[in-house]
Amino acid sequence: MALHGFKEMIEENDTVMLYINFSTIIPIKVSETTMNKKGDKEVENIYQTKYGALKVSDLIGKKFGHRVDLSKGFAYALHPSPELWTKSLPHRTQILYSTDIAMIILQLELKPGCVVIESGTGSGSLSHSLIRTIAPSGHLHTYDFHQQRSEKARVEFEEHGLKDFVTCYHKDVCEEGFGLENTADAVFLDLPHPWKVVPHAKKSLKRSGGRLCSFSPCIEQVQETCEQLKENGFKEVNTIECLLREFQVRKITLPEFDPEFDPLDEKNDNSDNLPSEQDNQQKEDGQKGMKRKHTGSSIMEAEKKFVTGVPLTSMPGHTGYLTFATLPPILS
Amino acid sequence: MSENGAERMEAVEDCDIIQEGATVVLQKFNYMRTHVLNPKKTLLLGRDTVSMSGVVGKKYGTTFEMVSDPKNKKQFQLVEANEVIDFESLFLTGEGGQDNRDLEDTENSQKLSREQVEEMRDSGVSGKVIMEKLIENSETYQSKTKFSQAKFLKKKAKKYHHYIIFRKPTVRLLIDILYKMDPMKIMNLRIDSLSQILNMVNVQSGGRYMVYETGAQGIVVASLLERLGDAGELVHVYQTGQPQTACLNSMGLHKSPLLKTLNISHLRSLEHGKNIIFNHPKSESKDAENGAEETSDQQCDKTSEKDTDAEPEKKRIKLENGTKEPESENSKESEENDQKKPVRMNLRERSVEAFNSIKAESLDGLVIVCKQHPGNIITYLAKYIKPSRPFVIYSPYKEPLMDTYMQLKEARMAVMVMLTETWLRSHQVLPRRTHPTVLMSGGGGYLLTGIFVQN
């Protein structure tokens, strides 16, 4: 099933993102049968979730975005997208998340028709987003020095219907370069030694100029890379970081201190727990002042309600530094 | 019209040669602005008047040197530069001092007076020579540390850097220009927030999207159009008068065949089966009374860019260089009225065209970037978006998005609803002088994202 293009109805061999809850999104390949764990026998494709079992073939004929009922609850069958894929893909390496990916794509000025070079391929998180942006007339050349990872990525791209838009290379680009000249609009590097690749990147970019991005977790890598970029004629060398801050939206009720309310005053004694005339009187007065509520104890509490967005107790503090640069056109 | 549109788009994308009438990004050192190239006109840059002849026909990326007219020192011609003088490589050659323990901050370290320097400038002395003289006449330059010297040179380069480069406009450059000029003109939509919008709505070539945009100069519409390439559809829903198109014009996208416009009041009428074109004669005069809106702007950086959602304002005619002609002779006004009539009619026809399209088939994504509270807007427009498609709402404030979050949750219209902001910081990276930049943006707006579902 293509991670490019849109469908309304689920068919066999599609990939469906099964949405159980916020942190549980599972990519499911829609097929009647699947290989068992040992890989030696075909079995009926049944997926176990915490709300019950899902017979995967039941998804066929259903529509994306519709509810899927399970024995103890329900889920949603969502249409795949590079963002959902990044959230749910099997990690083979540390991956790039949507926040950095979004900034990379805009800063590299990518759009349909662009040719992009990426190294390393890793788990293919960024690759899927890049392909989505440059397809159908653009192309992604992606390199990784790890043979298995390069192959796994290639298989995944094919399964996702993307093989026309991407070429995978198993290569050490630091030693060998990209093997492409005057080809790319943009180069993306996520390597331990990106400065070694800068001259190769320069050659592979188009003579009419292009953009480059290098992602590095460590500042030392950034320093070395920036120096190499400047020495090789890159301009507008700029290093930034971009972090996501998420807010949890909640309805909050806070008890309130009322300076006017004296719990020791006789008329405020509710120990017999019967609404008295004076209680009702107070309630009415309270309408003008503060809202009151009977608590378990004998003291009535005022409270204030509001909707708020609280940041998470723990947020990503660092992913990597993003360094961008422009290679000006060759004018002669 | 669509054929012309496709041709025009191709011309902007493929051609490396600067054409007459093209909107370019003009860059002088770190300063950038958009400009429509007219070889017969001049451009005011700071205190200098620069002639634009000699630019058309050259390649984008060519460096031009500003050469002053011997008769009038403030007038400049642009001449292709053979070499660009880099102050650092020329003047950062000495040893430099160890540290600044003996350096006193007096105003007398520079022996040349301001008048002397200005005299040199006005008499056409080159930036290189001025720099030499400044260093010669500085008591402290040689004893400064090399870092300090570099900082000094960078500061002076800004002033005496007389090179101009013309670049093709891209959304990245455009939003940088707009944000630096006045972030509130685009509701504080910082570049990282814009980048998140584009990714979260999964914009891709061939997709069909709806953007409700007011108050951001059309930058969101322009960005999505850039990402659609040559296939797909973008329905720009707007509120009153005319849709804001300043950024579309800067990118050469205002005639894109992929763009449809839809006035939300027209949408309401059309949903009730009314014929909005048949009604036009009566409401036509009413619209004209309510005040003229400007015709499409050519430049994004006009400081008096008009807010088309404002209450009726008096008529204004804007010229390219931003000056306003006084409200005037009757002949001019009636001429303007005639010009306005076709624009109104066109907008109504375009609304009908857009409505037919979204009614025939729902869309693949929704973006809302507007000055109104988004709560009612998303519930109103959601019916035109297919299930399992994303929406993104931008607001400079958190509260409207929190309200909308609650609305969506209660109506169970969406899953994965998230309220986020992005934190952006830049770094100065120099050997042994690397640190985050001293000033950073305090905020770039908030986003509410999610995926529509069907229960």
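Which residues is Gln107(A) in contact with, leaving aside its neighbours within four places in sequence? They are Arg211(A), Phe324(A), Arg172(B) and Ile191(B). Contact here means heavy atoms within 4.5 Å.

## Basis of the model

This is a predicted model: local features need pLDDT of at least 70, side-chain atom pairs count only at pLDDT 80 or more, and totals for chains, interfaces and linings use all residues. Residues are numbered from 1 along each chain as its sequence is written, chains are lettered from A and ligands numbered from 1 in the order in which they are written, and side-chain values use heavy atoms, with hydrogens and water left out.

Gln107(A) sits in helix H2 of chain A. Helices (H or I, at least four residues) and strands (E, at least two) are DSSP runs, numbered from the N terminus. Gln107(A) is buried, at a relative accessible area of 7%. Buried means under 20% relative accessible area, exposed over 50%, and partly exposed in between (1.4 Å probe, protein chains only).

The contact between the chains takes 69 residues from chain A and 64 residues from chain B. On the chain B side, Arg172(B), Asn199(B) and Met416(B) lose the most area to chain A, together 12% of what that side buries. The two chains bury about 5,500 Å² between them, and carbon and sulfur atoms hold 60% of it. Buried area is the accessible area (1.4 Å probe) that two parts lose on being put together, summed over both.

## Chain B overall

Chain B has 455 residues, and 50% of them are buried. Its secondary structure comprises 14 helices and 17 strands. Take the contacts in chain B between residues at least 6 apart in sequence: 71% of them join residues at least 24 apart.

Chain B exposes about 22,000 Å², with 48% supplied by carbon and sulfur atoms. Accessible areas come from the Shrake-Rupley method with a 1.4 Å probe; for residues, only the protein chains shown count as cover.

## The second largest pocket

The second largest pocket has a volume of about 910 Å³. It is lined by 40 residues, and those closest to its centre are Lys87(A), Ser98(A), Leu244(A), Met200(B) and Met418(B). On a 1 Å grid over the protein atoms alone, a pocket is an open set of points where a 1.4 Å probe fits, with protein on both sides within 12 Å along at least five of seven lines; lining residues have an atom within 4 Å of a point. Grid points are joined across faces, edges and corners, and a volume is the space filled by probe spheres set on the points.

Both chains contribute. Chain A elements that each supply at least two lining residues include strand E2 (24-29), helix H1 (82-88), helix H2 (98-107) and strand E14 (235-256). The lining holds 19 nonpolar, 15 polar and 6 charged residues. Ala, Val, Leu, Ile, Met, Phe, Trp, Tyr, Cys and Pro count as nonpolar, Asp, Glu, Lys and Arg as charged, and the others, Gly among them, as polar.

## Helix H7 of chain B

In H7(B), 9 of the 10 residues are buried, so this helix is largely enclosed by the rest of the structure. Among the buried ones are Ile191(B), Leu194(B), Leu198(B) and Asn199(B). After H7(B) comes Asn202(B), with a positive phi near 55°.

Phe234(A) lies in the loop between helix H7 (219-231) and E14 of chain A. It counts as buried, at 3% relative accessibility. Not counting residues up to four places away in sequence, Phe234(A) touches several residues, including Val198(A), Leu212(A) and Leu327(A). Lys202(A) is another of its contacts; Phe234(A) and Lys202(A) are 32 residues apart in sequence and 8.5 Å apart in space, C-alpha to C-alpha.

Ile264(B) belongs to helix H10 (residues 264-271) of chain B. Its relative accessible area is 11%, so it is buried. With residues up to four places away left out, Ile264(B) touches Tyr212(B), Val237(B), Tyr238(B), Gln239(B) and Tyr380(B).

## Backbone points to check

Chain A has a cis peptide bond joining Ser119(A) and Gly120(A), with omega about 10°. Gly120(A) is in the loop between strand E9 (115-119) and helix H3 (125-134). The peptide bond from Ala135(A) to Pro136(A) is also cis, with omega near 0°.

In chain B, Gln217(B) is not a glycine, yet its phi is positive, about 60°. Gln217(B) is buried at 5% relative accessibility. Ser388(B) has a positive phi near 65°, and is buried with a relative accessible area of 5%.
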